[in-house]
Amino acid sequence: MKPRTTCGPLLALALCLASLTACGVADTGPTQAGSPASGLPGQGTHPAGAVHMYFSSRLGLERVSRLYHGPDAPQAALDRLVSGPDPAERTRGLISFIPPGVPAPAAVTKKPGTADVYLPPGWTTNPTALRQLVCTVADAAGLTHRTRLEDTRVKLHRPEGGEPTTTTCARS
């Protein structure tokens with residue numbers, strides 16, 4: 001009787017390792033990759049951030065993101081909201097119930113969990129447009145003060161005066 005050898009598995013492992021180390025790619029050495037990181041932004045500058053707007057679709061309100069530079073996320077978000085969906089967003093079926101050409105409301109967020117919005121004269125009373133506005137400013141205020149969207153109370157101040165309406169973002 002001949003003794004059996006177990007070279008088969010060891011030979012297979014050696015061939016596998018050899019194939020992994022001999023792939024034929026030569027070392028290219030260092031390459032240029034641009035300037036090194038420069039650290040924190042200087043005083044008076046603001047890093048890029050994202051603001052979120054809410055546009056309408058057949059599914060309800062949908063959140064979209066856009067970049068901005070600046071300290072005031074709520075106002076930046078409202079400025080972008082009134083400009084309406086961009087071409088790519090329109091292609092996805094997003095629309096705005098805010099009439100074109102209306103001025104952006106002014107947003108003030110002094111403390112966590114609240115936002116005051118001052119509506120300009122002629123602002124629409126369309127309920128979907130108001131939901132777009134409330135969710136957009138609540139999202140931005142939450143980003144600024146690290147509060148949840150649904151926990152931010154938005155006070156809508158109308159140009160004709162009267163008691164402001166307080167609401168939250170109830171997306172559907």
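I started with the side chains of R63 and D139, which form a salt bridge with N and O 3.0 Å apart. I checked where the two partners sit: R63 is in strand β2 (residues 60-69) and D139 is in helix α4 (residues 127-145), so this pair links parts 76 residues apart in sequence. A reminder to myself: this is a predicted model.

R63 comes out as partly exposed, at a relative accessible area of 44%. D139 has 10% relative accessibility and counts as buried, since the cut-off for buried is under 20%.

How many salt bridges does the structure hold? I found 5.

I then turned to R148. Its side chain meets that of E150 in a salt bridge of 3.3 Å, N to O. R148 also pairs with D151, and there the closest N and O atoms are 2.9 Å apart. Shared partners join R148, E150 and D151 into one network. I looked up accessibility for the three as well. R148 is exposed at 51%, a value that passes the cut-off of over 50%. E150 is partly exposed at 43%, and D151 is partly exposed at 41%.

My next entry is on helix α2, residues 73-82. Is α2 mostly covered or mostly open? Mostly covered: 8 of its 10 residues are buried. I listed the buried ones as A73, P74, Q75, A76, A77, L78, L81 and V82. Just past the end of α2, I noted that G84 has a positive phi of about 85°.

Which residues of α2 meet α4? I noted A73, P74, A77, L78 and L81 on the α2 side. On the α4 side they meet Q132, L133, T136, V137, A140, A141, L143 and T144. By type, the residues of this contact divide into 10 nonpolar and 3 polar, with no charged ones. For the spacing, I kept a general point in mind: an α-helix has 3.6 residues a turn, so residues three or four places apart point the same way.

Last, I looked at the geometry of the pair. The axes of α2 and α4 come within 8 Å and cross at roughly 150°. That makes α2 roughly antiparallel to α4, because angles over 145 degrees count that way. The crossing of α2 and α4 is right-handed.

Key. Residues numbered from 1 in each chain as written. Predicted model: local features only at pLDDT ≥ 70, side-chain atom pairs only at ≥ 80, totals over all residues. Heavy atoms only, no water. Buried < 20%, exposed > 50% of the residue type's maximum accessible area, 1.4 Å probe, protein only. Helix = DSSP H or I, 4+ residues; strand = E, 2+ residues; numbered from the N terminus. Salt bridge = Lys/Arg side-chain N within 4 Å of Asp/Glu carboxyl O. Axes fitted to C-alpha atoms, helices over the stretch in contact; angles between N-to-C directions. Parallel < 35°, antiparallel > 145°, perpendicular 65-115°, else oblique. Left-handed = near helix turned anticlockwise from the far one by under 90°. Contact = heavy atoms within 4.5 Å. Nonpolar A, V, L, I, M, F, W, Y, C, P; charged D, E, K, R; others polar.
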